[in-house]
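Thanks for coming. I will take a few minutes to walk through one structure. Please have the sequence and the 3D view open.

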Amino acid sequence: MKAVNLSLSFGTNIIYNCAEFNLLPRDKIGVVGVNGAGKTTLFKIILGKIQPDTGYIDTNNANISYLPQQIEFTTPDITVWDFLLSGRPIAELEEKLKDLYQKIADEPDNQEILDKISETQERLEHYNFYHAEDELLEIIENIDIDSAMLDMKLKNLSGGQKSKVAFARLLYSMSGILLLDEPTNHLDIKTKDFVCEYLKKYKGMVLIISHDTEFLNKIVNKILFVDKVSHKITTFDGDYNDYKNKAAQLKHRREKQIESEERQIKKLSEFVDKARAASPTNHSIKRVGHTREKQLEKILANRTIREQTYKKIKIDLTPLTEGSRHPISVEDLWFRYKGAKLLYRKLSFYITGGERFLIVGENGVGKSTLLKLILGQLTPERGEIKINPKTDIAYYAQELELLDETKTVLENIETPDYTDQQLRTILANFLFFDMDVFKKVSVLSPGEKARVALCKMLLKRANMLILDEPTNHLDPETQMIIGDNFSDYKGTIILVSHNPEFVEQIGITRMLVLPSGRIEDYSHELLEYYYSVNSEE
């Protein structure tokens, strides 16, 4: 795959400017860059969903499979098993071969039909059709999809289950190019280890957008860095750690270049000002001044752009109303989705005002479902969830469905408690600067949308925050910046997260372990234990 003279802009927002790269058929590539740099957009160009303004990406007509960040099934009413089987076009090829054999029986000497039979048989052999189901069952087992899930319809899956099913189908597909956009968001440790080994040995090209640097280090042999400042794409050989070392060296050289240019600009500007102020009869200095002015214009037009630095602004996160001592209690809770197994049996616990409460467990045990029950979006089968009247809840949904995509960033967070200037200052805390605040949410990357949603939620100044995977779409640097905002928060937090760094940053006090329903006091060692073994329980 190669990109040639790739340029793309959305209005005045430049994404790529004459970007280029060249990749080999079996390369395993990590695609990195800050949120909004154009990583997911690059995938959409490869898929043909977006056409660049100039240039092109040549994929050599390879079959491409894509795992997006937000899973949306086009056939939600089919079963998981049927969806997984459709990952390879074996049924279609067998039907085609059957029709061709019927035709050749009537025209035994038709070379065109004979060639089509040969081509179809080769494709079936490529997909290993005799053993394909065995391969699929092995993937299903290793990616931890239980037999009961295979009969479920796609529309009834949880967010974590959707990701696993979509991932399993992609691995089974045997496409020449795999595009993975944040594939580890919902993967437990056991499944992640299997996926790492599978992708390393995959007989095709794999491009991965991921903020999970450990995952990248285990798989990739190249890094594509999408630079939001220069709008170029740079290729680095090696894993993510190699890239960080080389990028640090380049950044140092870039800063030296900027300093050198600034000295030249200052020196030339001073001379040009002096020449302009000189007597009209001093032709010599006027002539030299004109030459230096041309030099100055050239340097200014091509100067190296300095990356925007982040300055933390203190936000008043004191809740508008005081919460209660016990804002939420859950008593003898039972719940199951229609036709599915029981998620909770006699689940009981309470939340203490001001604490940071973490819910952990494997995918599909009902972490997000429990949040929706607390919010009243679902009704318990038995039992009761008591919410103190003083409890004021703000909710962050991992699907980001609470944003209005037709409005700008600024319009989405507007509240009468703040002026527009105050809101713009606060948005800078969430890495939206200058004209960024006037972008429509519809054109933002998932990471940028996540930042808008998190900002909007904090500005409500509720006395309880319910967070469902708040860091899924954020790069490591942004996670730290956003985490600082939450560590300053004065109210109660209920959190579902697979991100141990973020969990530590906001100061978790207790953990609810599902499906057992045990309550544990927080410790780093215990958190690591549950993240590593829950997939085996």
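This is a predicted model: local features need pLDDT of at least 70, side-chain atom pairs count only at pLDDT 80 or more; totals for chains, interfaces and linings use all residues.

Residues are numbered from 1 along each chain as its sequence is written, and side-chain values use heavy atoms, with hydrogens and water left out.

Let me start with the inside. A nonpolar core here is a set of buried Ala, Val, Leu, Ile, Met, Phe, Trp, Tyr and Cys residues joined through side-chain atoms within 4.5 Å. Buried means under 20% relative accessible area, exposed means over 50%, and partly exposed is in between, with a 1.4 Å probe and protein chains only. Which residues touch the most other members of the largest nonpolar core? They are V165, F167, L171, L180, V195, L199 and I208, out of 51 residues. Helix α7 supplies the largest share of this core, 7 residues. Apart from it lies another core of 42 residues, including A394, F430, V441 and I508.

Take F167 as an example. Contact means heavy atoms within 4.5 Å. Leaving aside neighbours within four places in sequence, F167 is in contact with L67, I143, L180, P183, L187 and V195.

Now to helix α8. Helices (H or I, at least four residues) and strands (E, at least two) are DSSP runs, numbered from the N terminus. Helix α8 covers residues 189-200, which is 12 residues. From first C-alpha to last it reaches 17 Å, close to the 16 Å expected at 1.5 Å a residue; that expected span is 1.5 Å times one less than the number of residues. The buried residues in α8 are T191, K192, F194, V195, C196 and L199. They pack against β3, α5, α7, β6, β7 and α9.

Next, charges. Side chains of opposite charge can pair when their charged atoms come close. A salt bridge is counted when a side-chain nitrogen of Lys or Arg is within 4 Å of a carboxyl oxygen of Asp or Glu. How many salt bridges does the structure hold? There are 19.

One of them joins E214 and K218, with the closest N and O atoms 3.6 Å apart. Both residues lie in helix α9, 4 residues apart, about one turn of the helix. K218 counts as partly exposed because its relative accessibility is 36%. D193 joins E214 and K218 in a network of salt bridges.

Another bridge pairs D227 with R254, at 3.3 Å from N to O. This pair links distant parts of the chain, since D227 is in the loop between β8 and β9 while R254 is in helix α10, 27 residues apart. D227 counts as buried because its relative accessibility is 8%. D436 and K439 form a salt bridge too, at 3.6 Å between the closest N and O atoms, and both residues are buried.

Last, the backbone. H231 is not a glycine, yet has a positive phi of about 65°. H231 lies in the loop between β8 and β9 and counts as buried because its relative accessibility is 17%. R461, also not a glycine, has a positive phi of about 50°. R461 sits in the loop between α15 and β15. Finally, the peptide bond from L514 to P515 is cis, with omega near 10°, and P515 is in the loop between β17 and β18.
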